[in-house]
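User: I would like a close look at one part of this model. Please keep to what can be computed from the atoms.

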Amino acid sequence: MAMEARQIIVFDIFAGHCCLGCFQGDTLDDRLLVNLSIKKCVPCNSNDIRPMTEQAANELIPKVPGWNLVNETDTLKLNRSWKVKSFTKGLELFQAVADVAEAEGHHPDLHLVGWNNVKIEIWTHAVGGLTENDFILAAKINGLDLQRLLRRKAAT
């Protein structure tokens, strides 16, 4: 029997807002959390949005492989680093991330250290910590095809 796609609205316990998602099947489980990349970042202009707890962040971090959860002076952030082939490849990586960030209306901190070390930090400045938006953006960055920009690991 073919499953039909259904669109649903759920209240997001992590960010305190409603979000729109689509899933196939007849049960609502954690599929919306599993695929954060189908979600859309929401504006952070509400006084109702609060930073998520470290426990909530620890539950979501497995959904964004390669990203690290860091606590920097009592502010939770996501970060990830890459080694790129060249300085200009680092700038291309920034442009690819910037395109996603602009589309989402959620902007990470981008760092090019040395000539080929790229680091991205994501956190919601407006609330002083992490929200679901940060995980959505990390998932969308994970979906980018960056292989042509990255250094190959040395063969062992």
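In what order do the 4 strands of the open sheet stand, and is the pairing parallel or antiparallel?

Analyst: The order in the open sheet is 3-4-6-5, and the 4 strands pair in the antiparallel sense. Strands (E, at least two residues) and helices (H or I, at least four) are DSSP runs, numbered from the N terminus; two strands pair if DSSP finds at least two bridges between them. This is a predicted model, in which local features need pLDDT of at least 70 and side-chain atom pairs count only at pLDDT 80 or more, while totals for chains, interfaces and linings use all residues. Residues are numbered from 1 along each chain as its sequence is written, and side-chain values use heavy atoms, with hydrogens and water left out.

Strand 3 (68–72) and strand 5 each have a single partner strand and stand at the edges, so one side of each has no neighbour in the sheet. On average, neighbouring strands are turned by 30° against each other, direction ignored. Strand 3 pairs with strand 4 (residues 75–83) over 5 bridges, and V70 stands opposite K77 in strand 4.

Helix 4 packs on the sheet and touches strand 4 and strand 6 (contact: heavy atoms within 4.5 Å). The direction of helix 4 makes about 10° with that of strand 4; axes are lines fitted to C-alpha atoms, for helices over the stretch in contact, and angles run from 0 to 180 degrees between N-to-C directions. Of the 11 residues of helix 4 (residues 132–142), 10 are buried, so the helix is largely enclosed by the rest of the structure. Buried means under 20% relative accessible area, exposed over 50%, partly exposed in between (1.4 Å probe, protein chains only). Among the buried residues are F135, I136 and L137.
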